[in-house]
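Here are my notes on the model, as numbered points. Please read them with the structure open.

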Amino acid sequence: MSALQATGITKRFGGLLALSEVDLTVDPGEFVALIGPNGAGKSTLLNVLTGLSAPTTGRIALDGRDITRLSTHDRIRAGLGRTFQHGRLFERLSVIENVMVGAANRKGRSEAELRSTAFAQLRRMGLERFADQPISALTYGNRRMVELTRVLACEPRVLLLDEPAAGLNTGEVEDLMARLRAIRAQDKIAIVLIEHNMGMVMRLAERVVVLNFGVKIAEGTPAEVQADPAVLSAYLGEGAAHARH
Amino acid sequence: MADLIQLVTNGLALGSVYALAAIGFVIVYSATGVVNFAAGQFVMLGTFAGVTTLVTLGLPMPVGYAGAVALMALFGLLFYAAVYLPLSRSPVVTIIIGTVAIGITLQNAALLTFGSWPVRLTSPVEDMIVEVAGAVIPLHAIAVVVATAVLIGLLWLLLNKTALGIAMRAVAQDVRAAKLMGLRVNVLLAFTWVLAAVLAGIAGLMLGPMWFADVNMGDPIALKAFAATIIGGFGSLPGAIAGGLFVGLAEVLGASYISSAYKDLIAFGAMILFLLVRPQGVFGERIQDRG
């Protein structure tokens, strides 16, 4: 059974067709990259998947269970996790409190349990020395790592990451990639990654899905997608695909 | 000297009431962005909840007070479900106007129910006094200051040392991100309104014996609580406490040393001065940052 299955997702904003009949299937533990030019509908798709925005038509199932009508918090409790393209940490909470909020969706956890769970997560990510610091004391790279830690504290089985490497330097991107690999190996969670850094996509993803103007134009292994003429023309313009022939 | 001790104690007691009203105001504002213009009526309802349980029904003290607080909690939940929730998708300004309308409705409903004749709500420590260095201090004033300090301590523990409180602070900062952490935002917002109503209600119960219970008491309290939050800093809990105490002291000391006709001059003068010179108050953010 698929971990996440979205079928025929269409999203209209007035006259604009942001997503048109998009299908997305993610197997348990699979690493899928979602790519496409700016405005292709990638973030809109994540919004629909997490219930922040309702699809015009389409169905979403998590582990075979229909979640199309569930509220966002119930989808998170059902095993979905998501980060934002532009960091949205709780600025007036400390680092550990941010991670505690992530862990708080599991029922009946006391403050002490939340704190120890959050601390364990921070230690796993090598961030425990920042636990009691305010968010404002973190470097940009560490803020993004705390966001990742916070969403992992939600214990997702399918993790949706919206450009986690944006704004990171080369060393930080390498570190992020190593962490993502480790997380996946340890937690057996499926990851859907929106990313513009193609090097990162090619090295991490098992499967790549390409969106353009709200339509899925290609899907396959990184090598297949790289060679696809439709993808080349979407990224580089019509002439590019012909130039190869 | 004896006079001063007496006045400062009374000022702190009145200031404690303003501080609690201001805290109720601030936690709603931080969580929802709504400036609750019915906040003064929340305090008035607290006083009359006490009048109902203790005077009208004549319940014994502990039961009566607990009953009044429970009524206020219920009122907070009702306010959330019947006023805030239906309007929650509207622009914040619409909700604010809604609180004005509900404030007027509450005041007139109280007038119809309780009449315009002021009622006396006695204190559990009625007529008891304490003498300090020759100053005669009503025990009620001391009890009010102590009870407020305890409540503020409990509130601090709730917000910083419990899972519920940390989740409430997360919702206050970013509703969308809080949803994506799996928090039940609506439950947490309902609890915020309940907490605000309970704090305002306790302020009303403590104020009852200091003033008469009068259905028109809400407006002056709302103005003082508003002045307190401007001075202390909008959205800041320490600011609400400091501002409330300042306004209470200014009122009592001003009435005694300047003139009772001008007792509000200091508090409102300070508020205007802060708006002109330091609109973010002592501790807080600028009002226009939220808008």
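1. Start with the largest nonpolar core of this predicted model. The core holds 165 residues. The members that touch the most other members are V158(A), A21(B), A22(B), A170(B), M181(B), A203(B) and A225(B). Helix α1 of chain B, residues 2-32, gives the largest share, 16 residues.

2. Look at A22(B) next. Which residues does A22(B) contact, leaving aside neighbours within four places in sequence? They are A225(B), A228(B), T229(B), A240(B), G243(B) and G244(B).

3. Now the make-up of chain B. Chain B has 11 helices and 2 strands. Along the sequence the order is α-α-α-α-β-β-α-α-α-α-α-α-α.

4. On overall dimensions, a compact globule of 291 residues would have a radius of gyration near 19 Å; chain B has 19 Å, so the two agree. Along the principal axes, the C-alpha atoms of chain B fill a box of roughly 60 × 50 × 35 Å.

5. Take the contacts in chain B with a separation of 6 or more: 75% of them join residues 24 or more positions apart.

6. Last, the contact between the chains. Chain A brings 23 residues and chain B brings 18 residues. On the side of chain A that touches chain B, α2 (72-78), α3 (95-103) and α4 (111-124) each supply at least two residues. By class, that side of chain A has 9 nonpolar, 6 polar and 8 charged residues.

Definitions and conventions. Residues numbered from 1 in each chain as written. Chains lettered and ligands numbered in written order. Predicted model: local features only at pLDDT ≥ 70, side-chain atom pairs only at ≥ 80, totals over all residues. Core = buried A, V, L, I, M, F, W, Y, C linked by C-beta atoms within 7 Å. Buried ≥ 20, exposed ≤ 12 C-beta atoms within 10 Å, placed from the backbone. Helix = DSSP H or I, 4+ residues; strand = E, 2+ residues; numbered from the N terminus. Contact = placed C-beta atoms within 7 Å. Rg over C-alpha atoms; globule rule 2.2 N^0.38 Å. Nonpolar A, V, L, I, M, F, W, Y, C, P; charged D, E, K, R; others polar.
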